[in-house]
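Please read this note with the structure open beside you, and take the points in order. Each point gathers what belongs to one part of the structure.

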Amino acid sequence: MSPKAAQAPSPLSRMAPHLLLVPVTIVTLYPVLYVAKLAFSGVGGTSASPWPWPEVFSLDAFSEVVNRTDAQGTWLFGRQMLNSLLVSGLTTVLGIVLACTAAYGFARFEFPGRRAGLLAFLATQMFPGILTMIPLYVLMQKLGLLDSMLGLVLVYATTAIPFCTWTLKGYFDTLPKEIEESAIIDGASRLTIFLKIILPLSAPAIAVTALFSFMTAWNEFVLAYTFLSQEAAYTMPVQIRNYVGDKDVQWSLFAASSLIVSIPVMALFYAVEKHLVGGLTAGGVKG
Amino acid sequence: MAHVLLQDIEKLYGDVHVVRRLNLSVAQGEFLVLVGASGCGKSTTLRMVAGLESISSGTLSIGGRIVNDVSPRDRDIAMVFQSYALYPHMTVFENMAFGLRIRKAPQTEIDRRVGDAAKLLGLEDLLQRRPAALSGGQRQRVAMGRAVVREPAVFLFDEPLSNLDAKLRVQMRIEIARLHKRLGTTILYVTHDQVEAMTLADRIAVMHEGYLQQCDSPSTIYNRPANTYVATFIGSPAMNLWPVHATVETRGNRQVVLLRGSGLSVELDGKIADRLTAAMTADHRLGNGEWTVGIRPQDLHIARGDAPVHARLPVEVVEPLGAETFVFGELADPGEPLPARDPATRLRRESASILRVDAGQLVADSEELPLTLDLNRLHLFDSAGQRIAAADPEAAVAIPAIALNFDKSPA
């Protein structure tokens, strides 16, 4: 090592990254903090102050959001939260189940139309979702699926499946073929290999793909807003949007429900966090 | 244990011929090593036997049953891969038990067989570990254990030691030999390492560009290579090969075969000369006299006393290895003054001549050595590179035990 390289960096050069990172962090966090401030400022609480903490601390906005009912006395928050969970959960399950098998097929087998199929899957990801909105609306109307959870799950699956397939195919491609060949010689069928070797080895990739798929469905607003018209059928993003109406703007309710909605996603993120780093294949083959 | 028979086996990938009309028979309990450089078709052949590659044409039978269209699981084979190919999410025990579980073996049987294999391979203390927690040698042992528990008719090994370091490789080589001795199972083993081939095999099959070059015992492959490819591939350092022109001269009532060229001048007389002369008349391929002389580095000596001088070697590089010394150079034309040596010209290793001398013998750089060839250990090849059998000592002449030099085995 040269003497120059061995020298400790000067205080200024050590400070330099922080001079950039601190303002970037503030810019990133400020909107979130401001939303939190609105949520904890009580119902109807708005503020002209730029400081991101509440002047008066109150949980009223949360209480109002959680306890909302409609004219028939239906607990709307519970119903809408359940809608969101069901739609996102079912989309994820449908996407992962179908995509795992499809991705394995694309990754491991040669068949006519393989390339075309992959490209078609990719093409669906390239167009903005809004392009398909009108045809989808017409389709859903004809099938009587407007205002239904099943309809929304099917619509979300059209984007979730190609996304999951591409992501998982990318991962399956990295799994060493010898492991499967070894299992073939051990006497395992393709299905056994898929279930007992490929899926356990792909747990990290499946977890991450499921997380993204869930988050996309959980946060989706435009399609849900278009296809759902009854309040009891709303998913949470549609309801959040409803707090900011043309005449009645309730920023505190908007902010409180936004925070509530982010909780499941955060919980899920922490649950699969350990899968985000490190793979399970270490040690299987020389590498 | 089973007999494996490959008849006219071919493998084509599109227009590319990878294996060509391969005929090979592996006897019951035999250890056959397929050896060759990268891309020679040896691994493809093994994968065809395993059922991992389809066979383009020809017949493959294992234990007397044609298995061309039989799935790998029903071929009664087990395979050990170069990359170990262990199941990373399973313990050592589960890795070894996997094949038995698939075949629905009872738990007591699984425990017994895995226990026996673990004992055989020294894996008893590692059974609950995952592959990631094992060293390279241990992982390869688990891969072997996984094959052993299946008690197959044939073991297939695909370069199993290539990923190990030199010391471990020697150790595992001994273990594989011991395993074969204990189990007596038929083994088909692929490697590019001639040392593994020579030390492990009952018979070696040398492949080159998809063709089988020679299949014989290690001693025959070494002492009687069928062609120039085998001659240079097996043995380290490689055999010296010099193109020469052969002529027959009659001296009195006897005939002498003269080999001249590449700086070499050798006279063969007696029975060898008689046989070669007869062969040249009978076989038109030998008649043109465009032959190649081959001699192993240890059969080339510095001429002393009244020993005939067959060639002169201007020394260019001396490599002392401790137990022995290798001397490199290019043969000088006899009678010609030595060419001025340009130090900037690097010695071309692939065409250089190699001489082995004892470690105690001092050889100076740039010295010119008079060389004599051990004519009993001479190899002659025709213009197509095929061995001229007429030049071989008669069968009565004992072939000395193989004297290989393994110090310079490829890494």
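1. In chain A, 72% of the contacts with a separation of 6 or more are between residues 24 or more positions apart; two residues are in contact if their C-beta atoms, placed from the backbone, lie within 7 Å. For chain B, 69% of the contacts between residues at least 6 apart in sequence join residues at least 24 apart.

2. Some words on how to read these values are needed before going further. The model is predicted, and for that reason local features need pLDDT of at least 70 and side-chain atom pairs count only at pLDDT 80 or more, while totals for chains, interfaces and linings use all residues. Residues are numbered from 1 along each chain as its sequence is written, and chains are lettered from A and ligands numbered from 1 in the order in which they are written.

3. Chain A has 13 helices and 0 strands, where helices (H or I, at least four residues) and strands (E, at least two) are DSSP runs, numbered from the N terminus. The radius of gyration of chain A is 24 Å, whereas a compact globule of 287 residues would have a value near 19 Å; this radius is taken over C-alpha atoms, and the globule rule is 2.2 Å times the number of residues to the power 0.38. Along the principal axes, the C-alpha atoms of chain A fill a box of roughly 75 × 70 × 30 Å. Of its 287 residues, 32% are buried, a word used here for a residue with 20 or more other C-beta atoms within 10 Å of its own, with exposed meaning 12 or fewer and partly exposed in between, and with C-beta atoms placed from the backbone.

4. Chain A is divided into domain 1 (3-66) and domain 2 (76-246 + 263-276), with bounds that come from an automatic or database domain assignment. The centres of domain 1 of chain A and domain 2 of chain A, taken over C-alpha atoms, are separated by 33 Å.

5. Chain B contains 10 helices and 20 strands, and its C-alpha trace spans about 80 × 45 × 45 Å along the principal axes. Buried residues amount to 42% of the 411 residues of chain B.

6. The domain assignment of chain B gives domain 1 (4-233) and domain 2 (240-391), and 39 Å separate the centres of these two domains, taken over C-alpha atoms. The contact between them takes 8 residues from domain 1 of chain B and 8 residues from domain 2 of chain B. On the side of domain 1 of chain B that touches domain 2 of chain B there are 4 nonpolar, 3 polar and 1 charged residues; here Ala, Val, Leu, Ile, Met, Phe, Trp, Tyr, Cys and Pro count as nonpolar, Asp, Glu, Lys and Arg as charged, and the others, Gly among them, as polar.

7. How many residues of each chain take part where chain A and chain B are in contact? The contact involves 21 residues of chain A and 23 residues of chain B. On the side of chain A, the elements that give two or more residues are helix H8 (177-186) and helix H9 (190-201), and H8(A) provides the largest share, 7 residues. By class, that side of chain A divides into 11 nonpolar, 6 polar and 4 charged residues.

8. Helix H3 (residues 107-121) of chain B deserves a look of its own. Its buried residues are Arg113(B), Val114(B), Ala117(B), Ala118(B) and Leu121(B), and, seen down the axis of H3(B), they fall within an arc of 135 degrees, so they line one face of the helix. The arc is that of the directions from the helix axis to the C-beta atoms. These buried residues pack against helix H2 (92-102) and helix H4 (136-149) of chain B, whereas the face turned away from the buried side carries the exposed residues Thr108(B) and Lys119(B). Just after H3(B), Gly122(B) takes a positive phi of about 65 degrees.

9. Most residues other than glycine have a negative phi, and most peptide bonds are trans. Glu159(B), in the loop between strand S7 (154-158) and helix H5 (166-183) of chain B, has a positive phi of about 45 degrees although it is not a glycine. A cis peptide bond, with omega about 0 degrees, joins Ser236(B) and Pro237(B).

Conventions: Expected span 1.5 Å × (residues − 1).
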